[in-house]
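Here's a quick briefing for anyone meeting this structure for the first time. Take a look at the sequence and the model, then read on.

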Amino acid sequence: MQASLSLSQARRIALAAQGLDKVRPAGTVSARAVGRTFARLHLVQIDSVNVVSRSHFLPFFSRLGNYDRAILQRMAGTHPRRMIEYWAHEACFIRPDHFHDLVQWQNRKWVGAHTMDPELRNGVAARVLEALAAGKPMTAGELTARLGHVEDRQQDNWGWNWNVVKRVLEHLFEEGLVSASSRTESFERRYMLTARVLPGLGVTQVPELDAAAAMDRLIDAAAQAHGIGTVRCFADYFRTPQKAAAVAVANLVDSGRLQPVEVAGWDRPLYRHAEAKLPRSATGRALLSPFDSLVFERRRLEELFGFHYRIEIYTPEPKRKFGYYVLPFLLRDGIVARVDLKADRAGGRLLVRTAHAEAGAPADTAVELAAELQLMAEWLGLDGVVVSPAGDLAPALAEAVAPGKQQYPL
């Protein structure tokens, strides 16, 4: 017989797997704590939007509080690297031990140079690899200059107007031959041969891996990060094909790594990882990035937490329901509110542009959210929090942030 769990138990398993079930530890956050958190998550998504902070920094704040972001830069940019960039859920920092398994399964041919004339692509690729083998890490612009490449700028594909060198670089990145050694201040990749970024793990230095075994490892890692979920949940974590993921789930059930379970109100086949913990209660509190791994899979989020969530960055402003950069607010075992935030770095303020409570939000939602916003402002080096009157939670939140003081429209 399958084990049966309540929805509350399933929530606590999911939160524990993501490191979001407990109150954050007090005191200075060590590099070891950051490393343990990343090991638990297996990946963090990268996104260029910097309205609050770069998206890969936020999951660590959610779980650890006020930590030094330079720790992540060292983990990703110095030897021995504990993070490396590659395609996973989207562009992500991943654990290096997943790199070769993901190279087996990623297929982002729209990103690079697959449609380019093969003779041109191969010729540019040879010159790029030669330049990277001989010199320091370089951005696409620096490599373009080094190779003396001149090209008319295209304007017909907004957001992807890459020249030939950049397209070939992304092609080599997908193939695993080239990696990002670090990022510039403007968030450009500095490219380097993967064999130099991860000595001993370059693609050309290892035999071809068994693809089915690679999928088993990826789905096992995804299930660890979820604690509990469906085939779709696990496949979505690293964006692997669902059919292959389903075969891996069956293999992991046979090996005892996954256990089929039933959860009241969840009508799809579910699996609990063998190492998943079920805490007696959830006591954590966190603002979650729109790209946090807890909220990756929107259907799971709605089934587990009753929380309907869409990112509205690309929605025209008049049609937005909640705002541009909206962070869900987790309190204990529920997602109880959402806030549209912006870091006003010039003015030294964290701006709350809208604040909305979920149905049934507990009475202490505004007070707890205010404390979390003040912690975030401190972490971002801002002087305080300013709450706009927009949203049903805004009046109570403004009072909790600054009792007895007027909050001004933004």
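Predicted model: local features only at pLDDT ≥ 70, side-chain atom pairs only at ≥ 80, totals over all residues.

Residues are numbered from 1 along each chain as its sequence is written, and side-chain values use heavy atoms, with hydrogens and water left out.

**Nonpolar cores**

- In soluble globular proteins, nonpolar side chains tend to be buried together.
- Here, the largest nonpolar core has 90 residues; a core is a set of buried Ala, Val, Leu, Ile, Met, Phe, Trp, Tyr and Cys residues joined through side-chain atoms within 4.5 Å.
- Leu341, Met376 and Leu397 have the most contacts inside that core.
- A second, separate core has 26 residues, including Ala10, Ala14, Ile228 and Ala276.
- "Buried" means under 20% relative accessible area, "exposed" means over 50%, and "partly exposed" is in between (1.4 Å probe, protein chains only).
- Leaving out residues up to four places away in sequence, Leu397 touches Val339, Val352, Ala355, Ala366, Leu369, Ala370, Leu373 and Val387; contact means heavy atoms within 4.5 Å.

- Ile13 sits in helix 1 (residues 7-17); helices (H or I, at least four residues) and strands (E, at least two) are DSSP runs, numbered from the N terminus.
- Ile13 counts as buried because its relative accessibility is 0%.
- Beyond its neighbours within four places in sequence, Ile13 is in contact with residues including Leu5, His226, Ile228 and Pro279.
- Ile13 and Gly256 are 243 residues apart in sequence, with 18 Å between their C-alpha atoms.
- Val261 belongs to strand 8 (residues 258-263), and its 3% relative accessibility makes it buried.
- Among the residues that Val261 touches, not counting those up to four places away in sequence, are Gln2, Leu5, Ile228 and Arg272.
- From the C-alpha of Val261 to that of Ile228 is 8.7 Å, and the two are 33 residues apart along the chain.
- Gln45 is part of strand 2 (residues 43-45) and counts as buried at 8% relative accessibility.
- Residues up to four places away aside, Gln45 touches Ser55, His56, His89, Glu90, Ala91, Cys92, Phe291 and Phe296.

**Aromatic rings**

- A pair of aromatic rings is described by the distance of the centres and the angle of the planes.
- The count comes to 9 aromatic pairs; rings of Phe, Tyr and Trp (its six-membered ring) pair if their centres lie within 6.5 Å, and planes under 30 degrees apart count as stacked, over 60 as edge-to-face and the rest as tilted.
- One of these is the tilted pair of Phe38 and Phe60, 6.4 Å centre to centre with 35° between the planes.
- Phe38 is in helix 2 (residues 31-41) and Phe60 in helix 3 (residues 58-64), so this pair ties together parts 22 residues apart in sequence.
- Phe38 is buried at 2% relative accessible area, and Phe60 is buried at 0%.
- Tyr86 and Phe99 have ring centres 5.3 Å apart and planes at 75°, so they make an edge-to-face pair.
- Phe38, Phe60, Phe61, Tyr67 and Trp379 form one aromatic cluster.

**Charges over rings**

- The charged end of Arg183 sits over the ring of Phe187, 4.2 Å from its centre; this calls for NZ of Lys or CZ of Arg within 6 Å of the ring centre and within 35 degrees of the ring normal.
- Arg189 has its charged end over the ring of Phe173, 4.1 Å from the ring's centre.

**Open and enclosed spaces**

- The second largest pocket has a volume of about 690 Å³.
- On a 1 Å grid over the protein atoms alone, a pocket is an open set of points with protein on both sides within 12 Å along at least five of seven lines, a cavity is a set where a 1.4 Å probe fits but cannot get out, and lining residues have an atom within 4 Å of a point.
- Grid points are joined across faces, edges and corners, and a volume is the space filled by probe spheres set on the points.
- Of the 32 residues lining this pocket, Ala16, Gly19, Asp21, Lys22 and Arg40 are the closest to its centre.
- Helix 2 gives the most to the lining of the second largest pocket, with 4 residues.
- Across the whole structure, a search finds 1 cavity of 30 Å³ or more.
- Residues lining the largest cavity include Pro290, Tyr309, Arg310 and Tyr324.
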